[in-house]
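Subject: Structure handover

Hello,

Here is the structure I promised to pass on to you.

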Amino acid sequence: MNILSPSILAADFSRLGKQIKEAEHAGARYLHIDVMDGVFVPDISFGMPVILSIRKCSDIFFDVHLMIHKPERFVKEFADCGADLINFHLEATEDVTGTIQRIRFLGKKVGITISPETPAKAVEPYLKLVDMVLVMTVKPGFGGQKLLPECLGKVREVRSMVLEKGLRTDIEVDGGIRPDNVELALEAGANIIVSGSAVFQNRVSENVKSFMNILGQDKYKR
């Protein structure tokens with residue numbers, strides 16, 4: 001199944017609750033929440049208080065993407081705030097397996113992320129341990145960037161590994177995804193699509209429906 005996960009990094013925070021509801025009612029099933037610490041990536045975004053506050057206004061699936069150094073330090077706090085899936089960067093910790101196990105112990109789904117410079121092969125040892133692999137299609141840390149087409153080759157590699165192992169691991173893409181290029185990501189093997197500005201700029205409901213019309217095509221269902 002193909003799923004849209006709008007990134008609130010691009011939302012209007014003066015109307016955040018309303019925009020989340022709009023996206024959900026228009027067909028979005030996940031909500032992508034980027035957490036940046038100013039260390040692992042240059043920028044700083046929101047953290048636990050924001051997640052806790054929006055958890056009160058929606059029961060949509062929270063797809064929490066930790067772009068933070070040593071994420072194992074904070075997974076319990078993010079789990080307690082209402083994350084449904086905690087996704088961390090392979091490059092951000094020296095204890096990938098331990099971090100996966102800790103998230104799983106907390107009863108949450110687990111994702112691992114690779115940045116554009118990290119080869120797809122790096123996730124292979126962990127594919128049986130996680131629910132999702134996120135392939136970044138831009139450099140992590142800033143919204144509004146253009147998709148790097150070469151990263152879609154890594155999506156194909158990860159999808160191939162998943163199929164070879166007989167797994168049902170989700171593959172998510174994040175970065176520069178818009179209605180005019182989302183088919184490229186779907187064709188490469190992604191089934192969870194993150195988009196920020198293309199969802200939250202202008203009319204949220206119409207933007208989500210544009211994505212859903214493409215994501216719902218039978219030839220892309222997995």
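Below is what came out of going through it, starting with the charged pairs. Please keep in mind that this is a predicted model.

**Salt bridges**

How many salt bridges does a search of the whole structure find? The count is seven, and I will walk you through some of them.

Let me begin with Asp-84 and Arg-55, whose side chains form a salt bridge at 3.1 Å, N to O. Asp-84 has a relative accessibility of 25%, so it counts as partly exposed.

Another salt bridge joins the side chains of Lys-76 and Asp-80, at 2.8 Å from N to O. Why are these two about one helical turn apart? Because they lie four residues from each other in helix H3. Lys-76 is partly exposed, at 37% relative accessible area, whereas Asp-80 is exposed, at 52%. The cut-off for exposed is over 50%, so Asp-80 with its 52% falls in that class.

There is also a network to look at: Lys-121, Glu-124 and Lys-165 are joined by salt bridges that share partners.

One more pair to pick out is Arg-15 with Asp-12, where the side chains meet at 3.3 Å, N to O. Both partners are partly exposed: Arg-15 has a relative accessible area of 35%, and Asp-12 has 30%.

**Cysteines**

What about disulfides? The structure has zero of them. Cys-57, for one, takes part in no disulfide, and the nearest cysteine sulfur, belonging to Cys-81, is 14 Å away. A disulfide would need the two sulfur atoms within 2.5 Å, so the 14 Å to Cys-81 rules that pairing out.

Is Cys-57 buried or partly exposed? Its relative accessibility is 27%, so Cys-57 counts as partly exposed. Cys-151, by contrast, is buried, with a relative accessibility of 2%.

**A glycine in helix H1**

Finally, have a look at Gly-17, which is part of helix H1 (residues 16–26). Which residue lies 37 positions from Gly-17 in sequence and 6.6 Å from it in space, C-alpha to C-alpha? That residue is Ile-54. Gly-17 itself is partly exposed, at 28% relative accessibility.

Happy browsing, and do write back with any questions.

Best wishes

Methods. Residues numbered from 1 in each chain as written. Predicted model: local features only at pLDDT ≥ 70, side-chain atom pairs only at ≥ 80, totals over all residues. Heavy atoms only, no water. Buried < 20%, exposed > 50% of the residue type's maximum accessible area, 1.4 Å probe, protein only. Salt bridge = Lys/Arg side-chain N within 4 Å of Asp/Glu carboxyl O.
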